[in-house]
Amino acid sequence: AKVLPKDKSLAFCYDMLNRVSRSFAVVIQSLPAELRDAVCLFYLVLRALDTVEDDMAVSVDVKVPLLRVFHEKIYDRSWKMSCGYGPYVDLMQQYPLVTDAFLRLKPMYQTVIADITRRMGEGMAEFIEKEVVTVKDYDLYCHYVAGLVGIGLSQLFASSKLESEEFAEMEDLANHMGLFLQKTNIIRDYLEDINEEPAPRMFWPKEVWGRYARKLDEFKAPENAAAALGCLNELVTDALRHAPQSLAYMAKLRDRDVFRFCAIPQVMAIGTLAMCYNNHGVFTGVVKMRRGETAKYVQQLGSMSDLYLAFGRFAASLAAQSSELITCDKNAKLTLRRAGEIQ
Ligand SMILES: COc1cccc([C@H]2O[C@H](CC(=O)N[C@@H](CC(=O)O)C(=O)O)C(=O)N(CC(C)(C)C)c3ccc(Cl)cc32)c1OC
């Protein structure tokens, strides 16, 4: 359902959205008209901030101040930058078009986006020179880059009146929505991230992997498969911690299109976690759900009961695998059973 708006800047934004976000662009464009442009712009502002954070060609003494001031740059019609890779070069070079579209949004949406951008930029700056060591660091980093997205979206939902006022103050549940997705991506992308040139940025918490290896890249070696799987299963179990609160968040949604917008990525994530669990393929390739399989879930996803069924099916397959695995400890079973008992 490609949106082709009349004015140039908004047309650029939707073209950019479809270039950078594969399947998710379709989900954003199926949102109610009242939210569509605000979420499209929120997505692009976040991708621009992420492009600054990720660009290794930008020196730390330029990057850190820029991350912290970026929430002001999004109002500055002259701001643009030469950085990023692939389609992101266009996004950053033609950023004044994004700013023009951003400044056409209702002020209440601009304020939400700017405030989340400020909080996220601060958090990213904090982690430029700090490694993710403890699980607490891991949760904090994921809060900054993903939890805050859930919190900002919840504020947009409330402001639009499509969802109740309670979403304006639902930081805890919204945060779990982000951590569930982000931890799934971090687990899934182990090989892609560790092979990154020039220097890989890894987010697997050392407090966990340090009990299975001296260096994180040891998991690539076949002779370390048992240790690699032990660490993987522990991280999948940790990510599953967020499933019950994510379901609690989605049970509060009322608008069908907003519900689908939130539920589709969550179903993809629980499906990806089920595929990653005890799967050595995570260390030899990238584990991705087949498009046919996701399409099946995406088609019929319209209600909470459909969602419970999808979650329940994946949680059950996780529980089945973990009961076969004597290495899986009791809290993994407890978490899986909690996730499983929801359907
Ligand atoms: C209430 O909260 C949400 C409700 C619905 C969707 C998302 C969340 O889902 C996509 C889904 C998405 O982008 N999927 C990709 C798949 C992939 O990246 O592998 C896609 O289908 O292209 C996602 O992954 N992230 C990125 C973060 C996780 C960092 C937040 C994301 C980035 C910007 C926005 Cl506005 C939204 C999201 C939510 O955010 C928590």
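This is a predicted model: local features need pLDDT of at least 70, side-chain atom pairs count only at pLDDT 80 or more; totals for chains, interfaces and linings use all residues.
Biologist: How far is a polar side-chain atom of Ser-23 from an oxygen atom of the ligand?
Modeller: A polar contact is a pair of N or O atoms within 3.5 Å. Arg-188 has a side-chain N or O atom 3.1 Å from a ligand oxygen, and Phe-24 has a backbone N or O atom 3.5 Å from one. For the polar side-chain atom of Ser-23, the distance to a ligand oxygen is 2.7 Å.

Biologist: How are α1 and α3 oriented to each other?
Modeller: Helices are DSSP runs (H or I, at least four residues), numbered from the N terminus. Helix α1 (residues 8–20) packs against helix α3 (residues 33–54) at about 60 degrees, with the axes 10 Å apart; axes are lines fitted to C-alpha atoms over the stretch in contact, and angles run from 0 to 180 degrees between N-to-C directions. Angles under 35 degrees count as roughly parallel, over 145 as roughly antiparallel, 65 to 115 as roughly perpendicular and the rest as oblique. The orientation of α1 and α3 is therefore oblique.

Biologist: Where α1 passes α3, what is the hand of the crossing?
Modeller: The near helix is turned from the far one by less than a right angle, anticlockwise in a left-handed crossing and clockwise in a right-handed one. For α1 and α3, the crossing is left-handed.

Biologist: How many charged residues does the contact of α1 with α3 have?
Modeller: Contact means heavy atoms within 4.5 Å. Ala, Val, Leu, Ile, Met, Phe, Trp, Tyr, Cys and Pro count as nonpolar, Asp, Glu, Lys and Arg as charged, and the others, Gly among them, as polar. The contact of α1 with α3 has 10 nonpolar residues and no polar ones, and the number of charged residues is three.

Biologist: How many polar residues are in the contact of α9 with α13?
Modeller: Helix α9 (residues 171–188) and helix α13 (residues 243–251) pack at about 125 degrees, their axes 8 Å apart. Residues in the contact include His-176 of α9 as well as Gln-245 and Ser-246 of α13. By class there are eight nonpolar and no charged residues, and the number of polar ones is three.

Biologist: What is the hand of the crossing of α8 and α9?
Modeller: These helices pack at about 125 degrees, with axes 7 Å apart, and are therefore oblique to each other. Their crossing is right-handed.

Biologist: What is the phi of Lys-161?
Modeller: Most residues other than glycine have a negative phi. Lys-161 is in the loop between α8 (135–159) and α9. Although not a glycine, Lys-161 has a positive phi, of about 70 degrees.

Biologist: Is the peptide bond from Glu-197 to Pro-198 cis or trans?
Modeller: Most peptide bonds are trans. Pro-198 is in the loop between α10 (190–194) and α11 (206–209). With omega near -10 degrees, the bond from Glu-197 to Pro-198 is cis.

How values were computed: Residues are numbered from 1 along each chain as its sequence is written. Side-chain values use heavy atoms; hydrogens and water are left out. Helices (H or I, at least four residues) and strands (E, at least two) are DSSP runs, numbered from the N terminus. A polar contact is a pair of N or O atoms within 3.5 Å; within protein, one must be able to donate a hydrogen and the other to accept it, and residues adjacent in sequence count only if both atoms are side-chain atoms.
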